[in-house]
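This briefing picks out a few local features of one protein model. Keep the sequence and the coordinates open while reading.

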Amino acid sequence: MKDRIMQRLISWNVNGVRAAQRNGFLEWLQQTQPDVLCIQETKANPTQLDEELLEPKGYRAYWASAERKGYSGVATFCREEPLAVNNLGVEEFDCEGRVQVLDFPAYSLINAYFPNSQGEGKRLDYKIAFCQAILKRAQAIRAQGRHVILCGDYNIAHKEIDLANPKSNQNHAGFLPEERAWMDTF
């Protein structure tokens, strides 16, 4: 399995892992059996979770939580133990539990929950800085000759085809020109 890149990887914004658990998350995980499951917007700290969710049967679980309770957070469930698990290494983003970087023998996986730029682009500068930090990290991994998989919730609709009503969303968070331009760059 170590030399193999082709694995079954699933990424899912669960919008609250405790609510997901109440609605059959663990049963779904056991039925689906991905090699790697990346979840975003966990909204929980490991101290708030029961053992069954902390380390589901057959998986190693890695959690990155926000300092603020009930906010953001990512987690990754792996059948194979990664060589290393790190955050982004940028405190202003790491304190919100937005990124995990997992190194496997054949690739590096970035599990990311991109910030929402919010109404009137209130957090647009923060989001663009986050996007740039992700790009820089992915480029650094590639410069080492490694494959990169970036998954997660981008909170960006890249092209008009990605929205049902693109014209009415021109000035809304997630479809702002600056966000879409970053996707072009990426």
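The buried residues of helix α6 pack against α5, which spans 124-143. The model is a predicted one.

**Helix α6**
- Helix α6 covers residues 177-185.
- Its buried residues are E179, R180, W182 and M183.
- Viewed down the axis of α6, these buried residues fall within an arc of 155°, so they line one face of the helix.
- P177 and T185 are exposed, and they sit on the face of α6 turned away from its buried side.
- The partner of the buried residues is α5.

**The four-stranded sheet**
- An open sheet is built from 4 strands, in the order β1-β2-β4-β3.
- Its pairing is mixed.
- At the edges are β1 (9-13) and β3 (60-64), each of which pairs on one side only.
- On average, neighbouring strands of this sheet are turned by 15° against each other, with direction ignored.
- Strands of a sheet pair through backbone hydrogen bonds, and the pairing is either parallel or antiparallel.
- Strands β1 and β2 run parallel and are joined by 5 bridges.
- Strand β2 takes in residues 36-40.
- L9 has V36 in β2 as its bridge partner.

**T32 in helix α2**
- T32 belongs to helix α2, residues 25-32.
- T32 has a relative accessible area of 15%, so it is buried; the cut-off for buried is under 20%.
- R8 and I10 are in contact with T32, once its neighbours within four places in sequence are left aside.

**Positive phi in loops**
- Which value does phi of Q118 take? It is near 65°, a positive value in a residue other than glycine.
- Q118 lies in the loop between β7 (108-113) and α5.
- Q118 counts as partly exposed because its relative accessibility is 29%; partly exposed lies between the buried limit of 20% and the exposed limit of 50%.
- N155 also has a positive phi, near 55°, and is a residue other than glycine.
- The loop that holds N155 runs between β8 (148-153) and α6.
- With 22% relative accessibility, N155 counts as partly exposed.

Technical notes. Residues are numbered from 1 along each chain as its sequence is written. This is a predicted model: local features need pLDDT of at least 70, side-chain atom pairs count only at pLDDT 80 or more; totals for chains, interfaces and linings use all residues. Side-chain values use heavy atoms; hydrogens and water are left out. Two strands pair if DSSP finds at least two bridges between them. Helices (H or I, at least four residues) and strands (E, at least two) are DSSP runs, numbered from the N terminus. Axes are lines fitted to C-alpha atoms, for helices over the stretch in contact, and angles run from 0 to 180 degrees between N-to-C directions. Buried means under 20% relative accessible area, exposed over 50%, partly exposed in between (1.4 Å probe, protein chains only). Contact means heavy atoms within 4.5 Å. The arc is that of the directions from the helix axis to the C-beta atoms.
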